[in-house]
Amino acid sequence: MGGARRLARRAPGLLLPVRHGLLAWVVVAAVAGVALPQGAKILNPLVPVLLAGQVLGVALNLTPGEVRSAMRDTRLVGLALLVQWTVLPGLGLLLHLVAPTPLLATGLMICAASPAEITSGLMATIAGGDAAVAMACMSSSLALSIVLTPFWLAVGLGSAVHIRPTSLALELALSVLLPLVAGITLRSRFPGIARWHHIFLDLSASCLVLVVLAGTTNTRGVLTSSAILTMLPFVAVLLAGGGLAGWGFGRVLRLRRRQSIAVGFPIGIREFGVAIAVAVAVAPRSSAVGGVYGIVMVAAAGTLAPRMGGHLGRRPRSP
């Protein structure tokens, strides 16, 4: 009883605010998704809306000054995007060929063809990277996903699943590009809303958690079977491959530490909310892969970023 009381007292600190307890909330969402299989019927139609809310929450924190600052590093951002949109989908194609089941193969390809993780800018900032460059890489990757995610899925999956590139591009435009542009525009037009920045970040985090819940409700059978043991190593390889690509990019170009971190996180980690939303649209049962990837990714990046920031011997500046 004493242990239960202590846990109850600590729960608010572990879970609130949502953006700070993201790993705990992602785990809660995954468990709830397994326990509530009927939830998919309710949440599936809402996934595009939740994804838009996730993007909007981050976009409302992008100031015009950050955007202008990042545009000065167009060469660096462009090269980072080139690496992300070639190396990671290439790794996805390889894993797709060797995956033991069609469900796993499809889910891995969808994850690899997804844009940079929306929280990668935040992770890079916590780790001591250049916030403007990291946000530029993340937001540009989201915009490019309108075209490149359907392209790579058509290349990797072909006739394995029914994909309409035009319809998928339109859905991503409404769920990603429109809220991205709207958020930046509103922040520029009404600078006073900056005082609510923490509310916007919690909006983004809350929508992300609900996307995970939607993804796991679709694949309860997979997550409660031995298939999860096969899935985890492949997800780990995809995450490690992204991490190596991000780290290697900075080493090859001999970037300064702040720049290397700023491009490394957007290159290395994929947006699992987009992956789940795309999977729900083209191959619902494969959305479990995005959910598992998200849990592992949040755990790894959320542990690594503060350690890297602590290495600097100072508190990283807020994004």
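In this predicted model, helix H6 passes helix H9 in a right-handed crossing. H6 covers residues 74–98 and H9 covers residues 131–157, and their axes come within 10 Å of each other while crossing at roughly 35°. On the H6 side, the residues that meet H9 include Leu76, Val77, Ala80, Leu81, Trp85, Pro89 and Leu93, together with Gln84, Thr86 and His96. On the H9 side, the residues taking part include Val133, Ala136, Cys137, Leu144, Leu148 and Trp152, and among them are also Ser140, Ser141, Ser145 and Thr149. Sorted by kind, the residues of this contact divide into 14 nonpolar, eight polar and no charged.

Cys137, which belongs to the H9 side of that contact, counts as buried because its relative accessible area is 3%, under the 20% cut-off. Cys111 is likewise buried, because its relative accessibility is 2%. A search of the whole structure for disulfides finds zero.

The largest nonpolar core of the model comprises 93 residues, and those with the most contacts inside it are Met231, Leu238, Phe265 and Tyr293. Helix H9 gives the most to this core, contributing 11 residues. What does Phe265 touch, once its neighbours within four places in sequence are left aside? Phe265 is then in contact with Ser120, Met123, Ala124 and Ala127, and also with Ala301, Leu304, Ala305 and Met308.

Methods:
Residues numbered from 1 in each chain as written. Predicted model: local features only at pLDDT ≥ 70, side-chain atom pairs only at ≥ 80, totals over all residues. Heavy atoms only, no water. Axes fitted to C-alpha atoms, helices over the stretch in contact; angles between N-to-C directions. Helix = DSSP H or I, 4+ residues; strand = E, 2+ residues; numbered from the N terminus. Left-handed = near helix turned anticlockwise from the far one by under 90°. Contact = heavy atoms within 4.5 Å. Nonpolar A, V, L, I, M, F, W, Y, C, P; charged D, E, K, R; others polar. Disulfide = S-S within 2.5 Å. Buried < 20%, exposed > 50% of the residue type's maximum accessible area, 1.4 Å probe, protein only. Core = buried A, V, L, I, M, F, W, Y, C linked by side-chain atoms within 4.5 Å.
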